[in-house]
Amino acid sequence: MPPRPSRRAQAALFAVTFLLSVEPSRAAAQSGAHAGMRMPHDSAAPHALHLMAQAIPLLTRADPAAGRRALTEGTLAQAFVMARGRAFGGHLLADATLNLEGLTMRRGELSTGAFGEGFIDRRHPHTYMHELVVTAVGDRGPMRLSASAGRGFVPFGTDDPMVRPLEKYPVNHHLSQILERTVLSGAARLGAAIVEVATFNGDEPTAPTALPRAARVGDSWSLRGTLLPAAWAELQASYARVASPEETGGHGLDHRKQSVSARFASVAGGRSLLAEWARTVEHDHDRLQDVLRIETALVEGTADVGPVKVALRLEQTDRPEEERLADPFRTTFPGSDLSIGGITRWRVATAALSGPAVTVRELRGYPFVEVARLAAAARDPRTFATPERFYGASRMWMVTTGLRLQLGAAHARMSRYGAALVP
């Protein structure tokens with residue numbers, strides 16, 4: 001007789017059942033392996049509610065993984081419910097995302113190269129209250145204005161990888177986006193130009209249940225400018241000063257972050273291209289000096305080839321190597337600058353194929369397979385932290401296959417609000 005599932009497993013099963021039973025909005029869902037993540041940023045309906053749920057059961061093979069051995073693991077990743085509502089003739093907007101990864105992948109998702117919030121070579125689960133932002137929108141002459149408040153995305157960098165074509169997050173996730181913060185932001189759009197400014201709390205979440213420390217709210221700021229020179233092109237540049245993100249008491253190193261990107265998209269053929277560069281400088285505000293500098297460059301593109309969607313990502317990212325615990329996939333968190341044993345440079349090529357949807361009534365499932373070839377090297381050959389020490393090799397493979405399950409109305413890109421929304 002099979003063993004009785006644990007309470008955590010039962011909770012995860014309940015969460016997935018809930019995800020796949022949400023009554024969707026009757027707005028038409030788009031076809032295509034990843035088109036289901038898009039929703040028009042504006043609507044003729046003055047009062048509308050859009051719901052969308054997703055979950056990805058997957059199997060990952062990492063060879064070698066941390067601990068110098070090959071691992072194969074199954075995970076239920078990206079389990080979430082997203083909602084967008086509007087009222088008062090479209091002048092009041094609300095965005096909400098309930099993320100259930102704290103139930104479905106407590107150990108994190110096997111992902112060689114990933115790091116952040118105490119996890120390494122595993123992508124950490126995000127907080128349950130991933131996003132809850134209210135936005136007021138209005139026009140003043142030719143200018144579109146908005147103000148947003150709540151917990152969500154800071155106007156910095158590029159779109160969250162959750163709504164991008166590859167299942168595995170890039171190594172640079174913590175360099176290229178700032179999320180799950182209590183943020184107060186404003187945006188203005190005039191013609192093809194958009195400017196956003198925000199203040200927020202610098203501290204990162206320490207667990208899926210974590211809430212920002214009230215004393216930290218408003219200790220950080222960001223600025224982002226976007227130019228839309230054509231209907232198919234988008235240029236972005238942003239800067240942020242993040243106070244002590246890795247030490248919740250506010251006594252750690254500050255981050256000074258820069259990001260530049262270009263995005264091109266064509267509905268015909270499902271083609272898109274994203275190119276980005278970002279830099280994070282860790283700064284000691286007491287000694288008024290920079291401690292370390294890490295950079296990333298990434299190119300990511302998609303195209304429809306018949307019924308199949310093809311995606312490719314090329315990435316080079318620097319990763320700080322922090323002291324690992326007895327569990328080789330965990331690091332001390334909150335950490336300190338004294339726990340950094342070096343910096344490795346990761347070069348990753350990832351290719352993916354996603355098939356046409358398999359539908360059961362309102363539920364859509366997109367089968368996919370991803371293959372990643374990873375190479376890592378110590379940026380300074382004298383460093384103690386080398387790939388050979390952690391993995392027994394400097395080159396690794398990672399293969400992931402799964403089924404992207406989606407239910408409900410198509411949803412928009414993530415990380416922009418109000419006047420800053422770009423379709």
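Trainee: Where does glutamate 117 lie in this predicted model?
Mentor: Glutamate 117 lies in the loop between β4 (109-116) and β5 (119-123). The model is predicted.

Trainee: What is phi of glutamate 117 near?
Mentor: Near 55°. That is a positive value in a residue other than glycine. Most residues other than glycine have a negative phi.

Trainee: Is glutamate 117 buried or exposed?
Mentor: Buried. Glutamate 117 has 13% relative accessibility, so this residue counts as buried. The cut-off is under 20%.

Trainee: OK, the strands next. How many bridges join β4 to β5?
Mentor: There are 4 bridges, and the two strands run antiparallel. They form a hairpin with 2 residues between them. Glutamate 117 is in that turn.

Trainee: Which residue in β5 stands opposite glycine 116?
Mentor: Phenylalanine 119.

Trainee: And how many residues of β5 are buried?
Mentor: 5 of its 5, so β5 is mostly covered.

Trainee: Switching topic. What about phi of arginine 361?
Mentor: Positive again, near 55°. Arginine 361 sits in the loop between β17 (358-360) and β18 (363-378).

Trainee: Is arginine 361 buried or exposed?
Mentor: Exposed. Its relative accessible area is 83%. Exposed means over 50%, so arginine 361 qualifies.

Trainee: Last one. Is the peptide bond from aspartate 63 to proline 64 cis or trans?
Mentor: Cis, with omega near -10°. Most peptide bonds are trans.

Trainee: Which strand is proline 64 found in?
Mentor: Strand β1, residues 48-65.

Definitions and conventions:
Residues numbered from 1 in each chain as written. Predicted model: local features only at pLDDT ≥ 70, side-chain atom pairs only at ≥ 80, totals over all residues. Heavy atoms only, no water. Buried < 20%, exposed > 50% of the residue type's maximum accessible area, 1.4 Å probe, protein only. Pairing = 2+ DSSP bridges.
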